[in-house]
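Here are my notes on the model you asked me to look over. Have it open while you read.

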Amino acid sequence: MTLLQLNRQSKPHAHAQGDLCPLCEQPIGQDIARRIEGRMREQQEAAIAHARAEMAVAAEQAVAAARSEAKAQAEAAAMARLTDMQARMVQAEQARAGAAAQIAALQMEQQATVEKRVAEIQETLTRQKENLQREKEVAILAEKQKVLKLTSELADLQRKLEGKTAHELGEGSEIDL
């Protein structure tokens with residue numbers, strides 16, 4: 001029975017004495033009419049209770065379906081967020097690995113540049129040291145030559161002062177054989 005049918009049957013069913021039964025249209029007594037009304041009321045109440053129970057079951061099923069759908073959507077959204085976060089984590093890890101590789105490359109380049117510069121400086125210092133050593137040796141030789149020249153001039157001047165010839169002094173290059 002539908003609710004529309006229940007509403008049509010829910011009209012009061014009152015029989016006056018000598019009235020006819022609305023269901024079968026036969027003359028009935030008042031006590032029988034009351035029993036029929038009671039049964040009809042019970043049937044209506046049972047039908048209403050049955051309809052309410054069916055509606056409650058249908059509502060529970062609809063609520064359960066809605067909850068299930070909402071749960072599925074929430075799980076799908078959570079999975080989507082999880083997938084998104086995992087993708088972001090992969091991207092962040094890739095970026096970190098790329099940055100680490102760049103840092104390592106820059107450190108190697110910096111180390112090579114430092115080593116090259118140190119080698120250049122050492123080479124320059126070695127050349128400067130060699131140049132200074134040569135200049136020092138040249139200066140020492142020049143001073144030695146001056147000293148020898150001055151010593152030889154001094155010896156010549158002393159000989160002239162003494163008035164002796166080289167032969168008299170007995171130098172080996174003027175010895176008569």
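The points below go from the overall fold to the details.

1. This is a predicted model, with local features needing pLDDT of at least 70 and side-chain atom pairs counting only at pLDDT 80 or more, while totals for chains, interfaces and linings use all residues. Numbering runs from 1 along each chain as its sequence is written, and side-chain values use heavy atoms, with hydrogens and water left out.

2. The fold reads α-α-α along the sequence: three helices and zero strands. Helices (H or I, at least four residues) and strands (E, at least two) are DSSP runs, numbered from the N terminus.

3. Mean pLDDT (the predictor's confidence in each residue, from 0 to 100) is 84, and 80% of residues reach 70 or more.

4. Helix α2 has 133 residues and spans 189 Å from first C-alpha to last, close to the expected 198 Å; the expected span is 1.5 Å times one less than the number of residues. Just after α2, G163 has a positive phi of about 75°.

5. How much of the protein is buried? Of its 177 residues, 8%, where buried means under 20% relative accessible area (1.4 Å probe, protein chains only). In α2 the buried residues are A33, I36, E37, G38, M40, Q44, A47, A51 and R159.

6. For contacts (heavy atoms within 4.5 Å) with a separation of 6 or more, residues 24 or more positions apart account for 28%.

Notes: Buried < 20%, exposed > 50% of the residue type's maximum accessible area, 1.4 Å probe, protein only.
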